[in-house]
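New notebook page. I want to walk through this structure and jot down what I look up as I go.

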Amino acid sequence: MRYYADADIREMHNHAIRLLADLHDEHGIAVEIDRIDEHHDPITDFPGEVRRLTPEEVYERDLKRNRALNAVIEQAPSEAFKRYGKLDIAGNVAIVDEEGSVQWASTLPGYADGYGPGFESQTAMDFLEDIATSPSNRICVECLHLLDGDENFCPNCGNDLS
Ligand SMILES: [Zn+2]
């Protein structure tokens, strides 16, 4: 799980870091942070790698012309992460496979008061909260396959999710 930091709002940013640490500690999920827009406190005590990158580097590496991502998000990555010609990535989270390629990413980083019902599947915080509570609800940890929440077995690898 990769977090493109920092979310604008400090509270959201700190909450994301706490949830990522929980994912690591309680569910054994590898977590990392790409700090592309640093404006909150230094990140200490994080159980994964913290890197400094530019939004352009992240966009080129992870999002641009990413077919897997394109297939699972509603907008094209170029629309979702580039608004009015300007990169808008910080605050989002992404699922990264073993090869380092992004398989899914949130497209709405969300604000402190949330987006209201209907957009849960697209916000970073809802996703992190969902999988921190029950990782089998949204992704198969074994293969990072996305789920719709009703499966007893992962349709990709057959992992028992019950
Ligand atoms: Zn699986």
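**Entry 1: the S6–S7 pair.** I began with Ala-94, which stands opposite Ala-105 in S7. This is a predicted model, so I read everything here as a prediction. Next I checked how S6 and S7 run relative to each other, parallel or antiparallel? They pair in the antiparallel sense, over three bridges. The two strands form a hairpin, with five residues between them. In that turn I noted Gly-100, whose phi is positive at about 90°.

Entry 2: Where do S6 and S7 sit in the strand order? The sheet is open and has five strands, ordered S3-S2-S1-S6-S7. Its pairing is mixed. At the edges I find strand S3 (49-52) and strand S7 (102-105), each pairing on one side only. From one strand to the next, the twist averages 25°.

A reminder to myself: strands of a sheet pair through backbone hydrogen bonds, either parallel or antiparallel. I then went looking for both kinds around S1. Strand S1 (residues 2-5) pairs with strand S2 (residues 32-35) in the parallel sense, over four bridges. Arg-2 stands opposite Glu-32 in S2. With S6, S1 pairs in the antiparallel sense over two bridges. There, the bridge partner of Tyr-3 is Val-93.

**Entry 3: both faces of S1.** Another reminder: in a regular strand the side chains alternate between the two faces of the sheet. So which residues of S1 are on which side? Arg-2 and Tyr-4 are on one side, Tyr-3 and Ala-5 on the other. All four are buried, and both faces of S1 are covered.

I also looked at a helix that packs here. Helix H2 (residues 55-63) lies across S1, S2, strand S6 (93-96) and S7. H2 runs at about 115° to S7.

Entry 4: I followed the chain on from Ala-5 and checked the peptide bond to Asp-6. That bond is cis, with omega near 0°. Asp-6 is in the loop between S1 and H1.

**Entry 5: H1 against H5.** How do these two helices cross? The axes of helix H1 (residues 10-27) and helix H5 (residues 124-133) come within 10 Å, crossing at roughly 25°. That angle makes H1 roughly parallel to H5. The crossing is left-handed.

I listed who meets whom. From H1 come Met-12, His-15, Ala-16, Leu-19, Leu-20, Asp-22 and Leu-23. From H5 come Ala-124, Met-125, Leu-128, Glu-129, Ile-131 and Ala-132. Sorted by kind, the residues of this contact are 10 nonpolar, one polar and two charged.

**Entry 6: two positive phi values.** I checked Tyr-84 and Leu-144, neither of which is a glycine. Tyr-84 has a positive phi of about 50°. I found Tyr-84 in the loop between strand S4 (82-83) and strand S5 (86-87). Is Tyr-84 buried or exposed? Tyr-84 is exposed, because 5 other C-beta atoms lie within 10 Å.

Leu-144 has a positive phi of about 60°. Leu-144 belongs to the segment after H5. Its count is 18 C-beta neighbours inside 10 Å, so Leu-144 is partly exposed.

Entry 7: Asp-160 has 10 other C-beta atoms within 10 Å, so I put it down as exposed. How far is Asp-160 from Cys-140 in space? From C-alpha to C-alpha the distance is 9.3 Å, with the two residues 20 apart in sequence.

Asn-152 is also in the segment after H5. Asn-152 counts as exposed because it has 8 C-beta neighbours inside 10 Å. Which residues does Asn-152 touch, leaving out those up to four places away in sequence? It touches Leu-161 and Ser-162.

Note on methods. Residues numbered from 1 in each chain as written. Predicted model: local features only at pLDDT ≥ 70, side-chain atom pairs only at ≥ 80, totals over all residues. Axes fitted to C-alpha atoms, helices over the stretch in contact; angles between N-to-C directions. Parallel < 35°, antiparallel > 145°, perpendicular 65-115°, else oblique. Left-handed = near helix turned anticlockwise from the far one by under 90°. Contact = placed C-beta atoms within 7 Å. Nonpolar A, V, L, I, M, F, W, Y, C, P; charged D, E, K, R; others polar. Pairing = 2+ DSSP bridges. Buried ≥ 20, exposed ≤ 12 C-beta atoms within 10 Å, placed from the backbone.
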